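Please open the structure in your viewer and have the selection tool ready.

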Amino acid sequence: MIEKAVNSEVQQLLDSNDFLWATGIEDTFIAQPWTKTGRTLDEYELTAHYDRYQEDSELIASLGVKHARYGIPWYRIQPEPNKWDWGWADDVLESLTSRGVQPILDLMHYGTPAWLTGSFADPDYPQRVADYAQAAAERYGKAIRWYTPLNEARITAYYCGRIGWWPPNLRGWPGFVSVMMGVAKGIALSQERIKKAVPNCVIAHVDACDIYSTQDPTLEAECQLRQEMVYLATDLITGRVTENHPLMPWLTKNRVSHKDLDFLQGHGQNPDIIGLNLYPMFSQKKCVRTPRGVRFRMSYASPSIINDIAHRHYERYKLPMFVSETATIGNVAKRAKWMHGSIAAVKQARQGNVPLVGYTWWPLFSLVGWGYRQLGTYPMGKYVLDMGLWDLANKEPDPLKRAETPLVEEYRRIVKGGLETVGPIGEGKTEHVQKLLHRRV
């Protein structure tokens, strides 16, 4: 365990003086066309956010939130190795901060510039992404204090390295490990550079969170392997993956570079806060045996999964946490039910002495499903997923109009309630939580 003082902004949240309510705009950036469809997947382009950012910033601010997870597109900011274009990022970030919204700046969200030919598996990737992170921190450090070096390392490694959907289009578990090691080294170096540029910043490490289970005793080992993978990226960047790590035999089998492991142990560091991305339709996975082999079935989870995931992560890392993404696909009533149930689960976790200090409804408005790029033969409107507070109208004359739903006013009411909705962290605080409450930068 790497001990460190608690950042003062996180400390305020721990002291129960405040609670971090947030939202965000889906920001997947896969700029390289898929060979089978010719399509790219830049969510800002598909939803016209590049043109409507002022309107969207106003929607965020209208909720009363003080924070928003928000990504900027590396591939547009650095279109060539030695060329930088910060114009649009300058404008959009100013549009948020001028409205009193602090971006939790998402520097990497799945895609790399095309000139980095090996993408995450490129030997130059860790240094290149760290250069970019440093440049962003130096440029925005006076106005922006919260940074996420990379969103969802495990999902990045899976889609880019395991199933080959996204660059570098590797397949198999060795590909997953290759991408994961590049991603982890990039996060470690980026965190170091950001902290140097903005010493009082908050580093929010964000990854997807799943719970695996099985009723088949013969699949217990596979189930446990998958559960350990959930924590792999965080274990890597905090220097926990040593010879005694439960995944070491599996990593060795899949051609892990021990030089990379040594690097990560040498550069291991804790983030200031851990972000938990979880969704009821994705985060509960059951391992089953079928005629086609072992499969993982996703069943719709109850809100209590948030309490379960938060306890597991706190037990493992002993760090403050926030729900960095959650929502559900469906009609307004279904979304409202998840909103209330998930916030109640946050309250339950806090009552159980878990320092869960924030909640993010993600996304602000509908997003375009990833199948648009990989499987797309239909118009974009066929791939729109209604998960947000606003829907995309998806009809003429303006199919991208942000159509307000009753969830907007409900979330405003919740945000306005502040700490009252989720309550304080439990009265009988554990010894470690008490230590967290007294460690400051």
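The stops below cover the barrel, one of its strands, the pockets and the salt bridges.

**Before starting**

The model is predicted, with local features requiring pLDDT of at least 70 and side-chain atom pairs counted only at pLDDT 80 or more, while totals for chains, interfaces and linings use all residues. Residues are numbered from 1 along each chain as its sequence is written, and side-chain values use heavy atoms, with hydrogens and water left out.

**Stop 1: the barrel**

Display the strands first. Helices (H or I, at least four residues) and strands (E, at least two) are DSSP runs, numbered from the N terminus. Two strands pair if DSSP finds at least two bridges between them. Eight strands form a closed barrel in the order β1-β4-β5-β6-β7-β9-β12-β13, with parallel pairing. From one strand to the next, the twist averages 25 degrees; for this angle, axes are lines fitted to C-alpha atoms (for helices over the stretch in contact), and angles run from 0 to 180 degrees between N-to-C directions.

Next, select β1 and strand β13 (residues 356-361), which run parallel and are joined by four bridges. Trp21 has Tyr359 in β13 as its bridge partner.

**Stop 2: strand β5**

Select residues 102-106, which make up β5. Are the residues of β5 buried or exposed? Here, buried means under 20% relative accessible area, exposed over 50%, and partly exposed in between (1.4 Å probe, protein chains only). Five of the five residues of β5 are buried, so the strand is largely enclosed by the rest of the structure. In a regular strand, side chains alternate between the two faces of the sheet. On one side of β5 are Gln102, Ile104 and Asp106, and on the other are Pro103 and Leu105, all of them buried.

Strand β4 (residues 67-71) pairs with β5 in the parallel sense over five bridges, and Arg69 stands opposite Ile104 in β5. Strand β6 (residues 146-148) also runs parallel to β5, joined by three bridges. The bridge partner of Asp106 in β6 is Thr148.

**Stop 3: the pockets**

Rolling a probe the size of a water molecule over the atoms shows where empty space is left. On a 1 Å grid over the protein atoms alone, a pocket is an open set of points where a 1.4 Å probe fits, with protein on both sides within 12 Å along at least five of seven lines; lining residues have an atom within 4 Å of a point. Grid points are joined across faces, edges and corners, and a volume is the space filled by probe spheres set on the points.

The largest pocket has a volume of about 950 Å³. Select Ile155, Tyr159, Phe282, Lys285 and Trp370, the closest to its centre of the 35 residues that line it. Helix α7 gives the most to this lining, with five residues. The lining of the largest pocket has 23 nonpolar, four polar and eight charged residues. In these classes, Ala, Val, Leu, Ile, Met, Phe, Trp, Tyr, Cys and Pro count as nonpolar, Asp, Glu, Lys and Arg as charged, and the others, Gly among them, as polar.

The second largest pocket holds about 280 Å³ of space. Select Leu13, Asp18, Phe19, Lys66 and His67, the closest to its centre among 17 lining residues. Its lining divides into seven nonpolar, five polar and five charged residues.

**Stop 4: the salt bridges**

Side chains of opposite charge can pair when their charged atoms come close. A salt bridge is a side-chain nitrogen of Lys or Arg within 4 Å of a carboxyl oxygen of Asp or Glu. By this rule, there are 23 salt bridges.

Select Arg99 and Glu58, whose side chains meet in a salt bridge (2.8 Å, N to O). Arg99 lies in the loop between α5 and β5 and Glu58 in helix α3, so the pair ties together parts that are 41 residues apart in sequence.

Move to Lys195 and Asp272, a salt bridge with its closest N and O atoms 2.8 Å apart. Lys195 belongs to helix α8 (residues 173-197), and Asp272 to the loop between α11 and β9, 77 residues apart. Lys195 is partly exposed, at 21% relative accessibility, whereas Asp272 is buried, at 6%.

Finally, select Arg226 and Glu222, which form a salt bridge with closest N and O atoms 3.1 Å apart. Four residues apart in helix α9 (residues 220-237), they are separated by about one helical turn.
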